[in-house]
Amino acid sequence: MNELAGRHLARGVDHAAFPTFDPVGTVRFYRDVLGFPVVHSICAAGWGPDDHPDFIHFFFDIGNDDRIAFFYYFGLPRPSSDRKGDVYARFDDSTPDWFVRSRHLAIHVDSEDALTEYRRRLDLSEWPVEMQIQHETIESIYTHDPNGYMVEITRALRPVTPQEDLDANLTIDALVDVAQREGHTMDDLLTRKAELIVERAPSWEVRV
């Protein structure tokens, strides 16, 4: 029997990687403004097939042994487009801003003081904070990096409770069920979630 079967074995993000057409701005934003150290770089010359450009792959430490990395391809022209989005994904002008912003990187800090300090650093730079929002359990600041990628820095306002974890799993199980149906709606999800609560409630342990 495989003793690892079914266990959660991942230990975080090794790195999330993105292309950049502005290596100078990217280094200034992540290293010089936010203070994330450069921890690794790879110079790849003559790599891959004949039409593959030389590139450098460089990494910044974003805490907890996690990293954000970028690819800079020498001689690759920057996309000439005024459409919404970033250098990786462009959207038609009719695409709602909330949809474009939904793809972003969120970096966690431990305190209000730390969040305030990152706000100070950004507001003094070319990339000031665009939004500061308190969500249900977190407070976040947002900006865009030199590549157009949305970056969020966030802190927890309170711990997430076991009851909220249970609710999250019910919600996702209901979503998986209803998303397979054509024309599904939020009402369908909530109805299915209620059905799952009724089905599973007898097996839940009551804690007093």
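Which residues are linked in a network of salt bridges? I found D177, R192, E195 and E199 joined in such a network. My cut-off for a salt bridge is a side-chain nitrogen of Lys or Arg within 4 Å of a carboxyl oxygen of Asp or Glu.

Some housekeeping before going on. This is a predicted model, in which local features need pLDDT of at least 70 and side-chain atom pairs count only at pLDDT 80 or more, while totals for chains, interfaces and linings use all residues. Residues are numbered from 1 along each chain as its sequence is written, and side-chain values use heavy atoms, with hydrogens and water left out.

**Entry: salt bridges**

I counted 14 salt bridges by this rule. As a reminder to myself, side chains of opposite charge can pair when their charged atoms come close.

I looked at D177 and R192 next, whose side chains meet at 2.9 Å, N to O. D177 sits in helix α4 and R192 in helix α5, so this pair ties together parts 15 residues apart in sequence. For helices I take DSSP runs of H or I with at least four residues, for strands runs of E with at least two, numbered from the N terminus. I noted D177 as partly exposed at 29% relative accessible area, whereas R192 is buried at 16%. Here buried means under 20% relative accessible area, exposed over 50%, and partly exposed in between (1.4 Å probe, protein chains only).

I then checked D167, which forms a salt bridge with K193, the closest N and O atoms being 2.6 Å apart. This pair links distant parts of the chain, with D167 in α4 (residues 162-178) and K193 in α5 (residues 186-200), 26 residues apart. D167 is partly exposed at 36%, but K193 is buried at 14%.

**Entry: helix α1**

Which residues of α1 (residues 23-33) are buried? My list reads G25, T26, F29, Y30 and V33. Down the axis of α1 they fall within an arc of 120°, so they line one face of the helix; the arc is taken from the directions from the helix axis to the C-beta atoms.

What do the buried residues of α1 pack against? I noted β3 (55-63), β4 (66-73), α3 (112-123), β9 (138-144) and β10 (150-156), with contact meaning heavy atoms within 4.5 Å. Just after α1, I also saw that G35 takes a positive phi of about 80°.
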